[in-house]
Amino acid sequence: MHVRSHWSRHAPWLAAGLCACLGVVVLLQWRVAQLHEEFDTQARIAHRLLSQRVVQHDAILATLATVGMGSAAPPSLALSGLQALSKVYPQIVQVRQRLAGQSWPADWACAESAERSSRAQSQPALCMDARDWAQGRYGLVAAAGPGAYALQIDLLQTVPWEEWPFPAQGSPVTVRLALPGWPAFSLSARSDGFEGAVWRFDFEKKLAAESQPFKVVLQGRVGWADWPWIGLGAWLALVLGASVLWRAWRGQAQARRRAEELLRLGQVSRLNTLGELAAGLAHELNQPLTAILANTRAGARLLDEEAPELPLVREAMAQAVQQARRAADVVGRLRRVVERPALGQALQALDLEACVRGALHLLEPELLRRQVQAELILSSPVPAVLADPVAVEQIVHNLLMNALQALDSTPTASGRITLRLVAQGPMGALRVTDNGPGLSPEVMTRLFQPFFSTREGGLGLGLSLCETLASGMGGSLTAAQASPRGAEFTLLLPLASP
């Protein structure tokens with residue numbers, strides 16, 4: 001088919017694909033940035049909530065130590081007051097009190113923490129037990145003077161889920177508390193980890209209480225369900241629709257340009273054919289007119305010799321001579337009017353390859369309709385030739401049309417036209433070869449004669465005109481039998497810079 005580079009043929013679709021990919025990347029980046037911003041906001045809210053709660057634990061212990069409930073109130077009243085803390089602060093699941101003069105139970109895991117708190121001037125001390133930590137519980141002890149208090153805190157009750165910035169079930173965010181030397185405890189209800197995550201966000205920050213040096217660790221994920229599928233689909237549909245519309249518009253524009261070029265070539269061909277026809281008719285009429293002129297002169301001389309007394313006959317013969325000359329002048333003027341202008345005035349450096357590709361482009365629909373394959377072969381770069389662009393266009397167009405018409409008798413899908421461009425000494429050569437029935441010896445001898453045609457209804461002026469045009473540009477057009485079958489026409493044109 002019409003020879004075009006692979007890139008130029010698929011460039012529009014490659015550009016559309018690149019545009020679609022860039023749009024997808026931009027949309028995904030925008031969505032990821034949006035989700036990251038949401039995650040960062042949620043993480044900071046979660047950190048603030050947990051920090052507020054753990055600071056409350058320090059404040060509760062400080063308040064108990066200051067009020068000194070254990071030393072002033074009866075034991076039963078003090079115990080009931082302490083247990084009331086669990087109603088106000090559900091995360092406090094147990095309160096222990098050591099009165100003055102008493103000691104902590106020997107088997108209590110927080111006895112050592114209480115001693116640390118006492119040595120640290122009643123600063124709360126963290127008490128960790130492996131069994132309790134597995135359930136999300138830890139202890140906090142404050143020893144103030146003769147009395148001391150210990151709280152057992154349940155992390156799962158620290159912040160109710162309705163206060164979290166994300167849902168308890170199905171949230172893409174996991175919340176964990178980490179402590180050096182201890183396994184991290186997860187506060188979220190997720191158990192599937194980050195399987196299927198495309199992107200992952202991380203947030204780490206230490207809580208605000210020095211007595212409870214936990215680090216809150218949040219991790220968020222972006223899965224396939226979080227992609228902006230509606231936006232991506234709309235963008236791809238927009239790109240595809242624009243590509244289809246652009247392709248249709250470009251096809252219409254190419255078809256319109258092709259039709260205009262074919263119309264122009266047809267007009268030029270008709271004008272040149274008319275000139276060839278007029279020149280042939282003038283040439284054919286000149287011979288009888290010249291004979292009439294000679295015979296009339298002879299008759300006039302004879303009449304002068306035999307009948308000098310017939311002046312009217314002499315006058316009639318003189319008028320015949322005058323009319324014959326007038327007819328010859330009319331034919332001469334007609335020939336000068338329809339004669340093609342000198343091609344030498346329009347010669348210029350011409351890219352023969354570009355001209356051939358242009359002709360193939362114009363005939364691409366015809367090649368497709370006839371299912372004929374056309375191939376352009378460049379054995380070596382061909383320099384520019386010195387020629388008339390319009391004349392070369394017409395020659396190449398006629399040669400291709402003759403090849404197509406010769407292939408009408410070839411089985412469908414087996415027709416082939418090969419065009420070769422080579423530099424041949426000081427000339428540039430274009431060889432047009434088809435695999436049609438070829439040329440017989442009888443046809444070869446009359447191929448370039450005017451009014452000779454092997455096609456029914458043909459004028460027989462196309463190849464004659466092409467040969468005349470080629471000769472007028474200092475070149476030539478020849479025909480030969482191709483091997484193993486078909487015909488080969490060779491157009492030679494002088495190189496612009498031999």
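The side chains of Asp 129 and Arg 131 meet in a salt bridge, with 3.9 Å from N to O. A salt bridge here is a side-chain nitrogen of Lys or Arg within 4 Å of a carboxyl oxygen of Asp or Glu. Arg 131 is exposed, at a relative accessible area of 69%. Buried means under 20% relative accessible area, exposed means over 50%, and partly exposed lies in between (1.4 Å probe, protein chains only). The model is predicted: local features need pLDDT of at least 70, side-chain atom pairs count only at pLDDT 80 or more, and totals for chains, interfaces and linings use all residues. Residues are numbered from 1 along each chain as its sequence is written, and side-chain values use heavy atoms, with hydrogens and water left out.

The structure holds eleven salt bridges. One of them joins Asp 202 to Arg 200, with the closest N and O atoms 3.7 Å apart. Asp 202 is partly exposed, at 46% relative accessible area. Arg 200 is partly exposed too, at 47%.

Another salt bridge brings together the side chains of Arg 369 and Glu 366, at 2.4 Å from N to O. Both residues lie in helix α10 (residues 364-370). They are three residues apart, about one turn of the helix. An α-helix has 3.6 residues a turn, so residues three or four places apart point the same way. Arg 369 is exposed, with a relative accessible area of 57%. Salt bridges that share partners join Glu 366, Arg 369, Arg 370 and Asp 408 into one network.

The chain has 13 helices and 15 strands. These are DSSP runs, numbered from the N terminus: helices are H or I with at least four residues, and strands are E with at least two. Buried residues make up 39% of the 498 residues in the chain. The chain exposes about 27400 Å², and carbon and sulfur atoms supply 58% of that area. Accessible areas come from the Shrake-Rupley method with a 1.4 Å probe; for residues, only the protein chains shown count as cover. Contacts are heavy atoms within 4.5 Å. Among contacts between residues at least 6 apart in sequence, 69% join residues at least 24 apart.

Helix α11 covers residues 389-406. Its 18 residues should span 26 Å at 1.5 Å a residue, and its end C-alpha atoms are 26 Å apart, which agrees. The expected span is 1.5 Å times one less than the number of residues. Several residues of α11 are buried, including Val 392, Ile 395, His 397, Leu 400 and Leu 404.

Strands β14 (residues 476-481) and β15 (residues 487-494) pair in the antiparallel sense over six bridges. Strands count as paired if DSSP finds at least two bridges between them. Gln 481 has Ala 487 in β15 as its bridge partner. Five residues lie between the strands of this hairpin, where Gly 486 takes a positive phi near 105°.

Trp 13, Leu 240 and Val 244 make a nonpolar surface patch of about 290 Å². Patch residues have over 30% relative accessible area and no salt bridge; like charges are joined within 9 Å, and nonpolar side chains (Val, Leu, Ile, Met, Phe, Trp, Tyr) within 5 Å. Leu 240 lies in helix α7 (residues 229-306). Leu 240 is exposed, at 52% relative accessible area.

Ala 84 sits in the loop between α3 (75-83) and α4 (85-88). At 35% relative accessibility, Ala 84 counts as partly exposed. Ala 84 and Val 95 are eleven residues apart along the chain, and their C-alpha atoms are separated by 9.7 Å.
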